[in-house]
Structures are given as structure tokens and as C-alpha cells.
Amino acid sequence: MPPISFRNVARYVQDVEGNLPLYQALGFEVVQKMGSDMAILKNEEGFKLVLHSWSDHKGRLLDTGIGFSVTGTLEEARQYLIDAGFKLLRAPEDTDAGFFFIYGDLDGNPINLVGKRPH
């Protein structure tokens, strides 16, 4: 057994407070705040997500994508993300191995909306 274990995924953002409502809309609850620079969130499955401010990353792509499965209709899921404040970064392409939309938070950090290709 390795001498380490999974702790969390850190997502670097410029505005922790501004991004909190977006991730709360995805089912995360704030379990701890450390000033305005860091918030620890957890979802019902126990997944820990840390939003941490890091202004030096501006302009650089951070690929800590977090995947979410479509459980209702695809349009309901897409509208829900838009209503929460996420912006569409990429729509599925015919050459993709799967079927997913990529949305971004206020800093463009990706979340992947994964579903089945409509027939």
C-alpha cells in the first residue's frame, strides 16, 4: 500500500467567493473557509474540492476537469449550468471518443458534462 492517499482536487481561481455559487449549484457544500483565499467544499459522495486563489495563473490553461453525468435531459443539464453562471467552452465534435460539453467557471476552469450522443 502506498504511503499516501487521495485528499482533494484543488481548483485555482482568481475570485473564490465569486465562484462558490457555481460549485454550490453542482452539489458542493462549503465545509471550511480560510479567509477569502481558500474554501474547502465537499459533495454528498465525499469528494473534496478546494477553491484556492492564485492570481498568477491568469492566461494559462489549467486542466483539472471535473466530470458530471447528465441525469435528466441534455437540454435541462445544459440550461442548469448556464443558469448557474457557467460558460460554454466547447461543444461535442463528431471526432470525439465520447459525448461531452465543456463549461468553464469564472476563470475558464473546465467542468465536463458527459452524456450519450443523441440519435
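Predicted model: local features only at pLDDT ≥ 70, side-chain atom pairs only at ≥ 80, totals over all residues.
Colleague: Which element gives the most residues to the largest nonpolar core?

Modeller: This core holds 22 residues, and Tyr23, Leu26, Leu51, Phe86 and Ile111 touch the most other members. Two or more residues each come from helix H1 (16-24), strand S3 (38-42), strand S4 (48-53), strand S5 (66-69), helix H2 (74-84), strand S7 (99-104) and strand S8 (110-115). The most, 4 residues, come from H1.

Colleague: Against which elements do the buried residues of H1 pack?

Modeller: In H1, the buried residues are Val16, Asn19, Leu20, Leu22 and Tyr23. In an α-helix, residues three or four places apart point the same way, because there are 3.6 residues a turn. The partners of the buried H1 residues are strand S1 (9-13), strand S2 (29-34), S3, S4, H2 and S8.

Colleague: Which residue caps the N-terminal end of H1?

Modeller: The backbone nitrogen of glutamate 17 lies 3.3 Å from a side-chain oxygen. That oxygen belongs to the capping residue, aspartate 15.

Colleague: Is tyrosine 23 buried or exposed?

Modeller: Beyond four places in sequence, tyrosine 23 touches Arg11, Phe28, Leu41, Leu49, Leu51, Phe86, Asp105 and Ile111. The cut-off for burial is under 20% relative accessible area. Since tyrosine 23 has a relative accessibility of 0%, it counts as buried.

Colleague: What is the geometry of the pair formed by the rings of tyrosine 23 and phenylalanine 86?

Modeller: The whole structure contains 3 aromatic pairs. For the rings of tyrosine 23 and phenylalanine 86, the centres are 5.8 Å apart and the planes stand at 80°. Planes over 60 degrees apart count as edge-to-face, so this pair is edge-to-face.

Colleague: How many residues apart in sequence are the parts that this pair ties together?

Modeller: Phenylalanine 86 is buried, with a relative accessible area of 1%. Tyrosine 23 lies in helix H1, whereas phenylalanine 86 lies in the loop between H2 and strand S6 (87-90). The pair therefore ties together parts whose separation in sequence is 63 residues.

Colleague: Which element provides the largest share of the lining of the largest pocket?

Modeller: The lining consists of Leu26, Phe68, Ser69, Val70, Thr71, Gly72, Thr73, Ala77, Tyr80, Leu81 and Leu113. The largest share, 3 residues, comes from H2.

Colleague: What is the volume of the largest pocket?

Modeller: Rolling a probe the size of a water molecule over the atoms shows where empty space is left. For the largest pocket, the computed volume is about 190 Å³.

How values were computed
Residues numbered from 1 in each chain as written. Heavy atoms only, no water. Core = buried A, V, L, I, M, F, W, Y, C linked by side-chain atoms within 4.5 Å. Buried < 20%, exposed > 50% of the residue type's maximum accessible area, 1.4 Å probe, protein only. Contact = heavy atoms within 4.5 Å. Polar contact = N/O pair within 3.5 Å; in protein donor to acceptor, adjacent residues only side chain to side chain. Phe/Tyr/Trp six-rings, centres within 6.5 Å; stacked < 30°, edge-to-face > 60°. 1 Å grid on protein atoms, 1.4 Å probe; cavity = no way out; pocket = protein on both sides within 12 Å on 5 of 7 lines; lining within 4 Å. Points joined across faces, edges and corners; volume = space filled by probe spheres on them.
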